[in-house]
Amino acid sequence: MRAIAQPNIALIKYWGKRDTGQNLPAVGSISITLCDLYTGMDVDFDDQLAEDQLIVNGDAGGSMLPRLSACLDRVAGEDRARARIVSESNFPIAAGLASSASAFAAATVAAAAAAGKDLDVAELASLAGRASGSAARSLLGGFVELRNCDSGIEVGNLRTAAEWPLTVVIAITETGPKAVGSTEAMEISRKTSPFYSSWVEQQEHDLAAARSAIEKRDFGQLAAIAEHNCLKMHSIMWASRPPMVYWNAATMRCLQIVRKLQGAGIGVFFTIDAGPQVKAVCLPEHAEQVRSTLSSSDDVAAVMTSELGDAARLVESS
Ligand code: PMV
């Protein structure tokens, strides 16, 4: 069975876990699902296989296999047949581009279908969220909110992509894998950052501000709260022990470019996840100017552009 899912970019971030065993987030989050970047995942159970097999972008092996196997165990049961898993992404993986979100959303949807299970979004979200906190958000398209609830997490749609079309320009400043994975970094933050508890306390306020901006389609309000929330998340990391700085010099230069464009009246704001890439969210009519300005910066390695996209889904196997 084959599923496709797109990465999502958090505008109000998830950083920190309230339960590491169940992989439950400490805070809710709001994201936008992309359209032009994707992960396609084939999952086929086969009684003849002695162990799970993984091919990532044409290469056998891959460090994601243990997490994928555990994800398949939760979806299909530990007594399942071993699986042949083939994953393809059209963007750099493990570099702060939310590749784990699209990979685990696609794996969950494909594995449920391969196991003959007809699961609703709530069940899929809980399973995808166990594998990667942000993966549950890629199950839905457009603007997505992930909330904590008594049973764990739930996801819901705030607006579809068609209702408020925005464009995301991604400036790739470095292509290698990140130094510290997000799970480890979140735990270091929770245990050592002096700013962590106020982050958790203030998140409801940030979520409410973003929800109301999305409701009203108020780009300026969304820009202000998203940038604030992003810089707050990175401040927690910078003040952790050991400190974690995912940015490089080009990341900072991209922020300065975005500020300059804003000064010239361009509808754009930045957000940055656990990596050095800068995501510039912009009004579609300004996307070309944002793209060409960011790509003319010498230390930006590549620029990718994406509209907002739809939910994870099953597709015909290729
Ligand atoms: O789902 P994870 O473990 O890859 O963590 C995602 C963390 C951030 O990307 C930094 C923020 C977010 O909400 O996506």
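**Rings, ligand and sheet in a predicted model**

Phenylalanine 143 and tryptophan 164 are both buried, where buried means under 20% relative accessible area, exposed over 50%, and partly exposed in between (1.4 Å probe, protein chains only). This is a predicted model: local features need pLDDT of at least 70, side-chain atom pairs count only at pLDDT 80 or more, and totals for chains, interfaces and linings use all residues. Residues are numbered from 1 along each chain as its sequence is written, and side-chain values use heavy atoms, with hydrogens and water left out.

Start with the rings. A pair of aromatic rings is described by the distance of the centres and the angle of the planes. Rings of Phe, Tyr and Trp (its six-membered ring) pair if their centres lie within 6.5 Å; planes under 30 degrees apart count as stacked, over 60 as edge-to-face and the rest as tilted. By this rule there are 3 aromatic pairs. In one of them, phenylalanine 143 and tryptophan 164 are stacked, with 5.4 Å from centre to centre and 15 degrees between the planes. This pair links distant parts of the chain, 21 residues apart. Phenylalanine 143 belongs to strand S10 (residues 143–149). Tryptophan 164 sits in the loop between strand S11 (152–159) and strand S12 (167–172). Helices (H or I, at least four residues) and strands (E, at least two) are DSSP runs, numbered from the N terminus.

Now compare another pair. Tryptophan 238 and tryptophan 247 have ring centres 5.3 Å apart and planes at 70 degrees, so this pair is edge-to-face. Tryptophan 238 has 43% relative accessibility, so it counts as partly exposed. Tryptophan 247 is buried, at 15% relative accessible area.

Next, the ligand. It is surrounded by 14 residues, and the closest are Tyr14, Ser132, Ser134, Arg137 and Ser182. A residue is near a molecule or strand if one of its heavy atoms lies within 4 Å of it. By class, the shell holds 6 nonpolar, 5 polar and 3 charged residues. Here Ala, Val, Leu, Ile, Met, Phe, Trp, Tyr, Cys and Pro count as nonpolar, Asp, Glu, Lys and Arg as charged, and the others, Gly among them, as polar.

Look at the polar contacts (pairs of N or O atoms within 3.5 Å; within protein, one must be able to donate a hydrogen and the other to accept it, and residues adjacent in sequence count only if both atoms are side-chain atoms). A polar side-chain atom of serine 134 lies 2.6 Å from a ligand oxygen. For arginine 137, a side-chain N or O atom is 2.7 Å from an oxygen atom of the ligand. For aspartate 273, the corresponding distance is 3.5 Å. The protein buries 92% of the 380 Å² that the ligand exposes when taken alone. Accessible areas come from the Shrake-Rupley method with a 1.4 Å probe; for residues, only the protein chains shown count as cover.

Last, the sheet. An open sheet of 6 strands runs in the order S8-S7-S9-S6-S1-S16, with mixed pairing. Two strands pair if DSSP finds at least two bridges between them. Strands S8 (59–60) and S16 (313–315) are the edges, and each pairs on one side only. Strand S1 (residues 2–5) pairs with strand S6 (residues 39–45) in the antiparallel sense over 4 bridges. Alanine 3 stands opposite methionine 41 in S6, and arginine 2 stands opposite aspartate 42. S6 also pairs with strand S9 (residues 83–89), antiparallel over 7 bridges. There, threonine 39 has serine 89 as its bridge partner. In S6, 5 of the 7 residues are buried, so the strand is largely enclosed by the rest of the structure.
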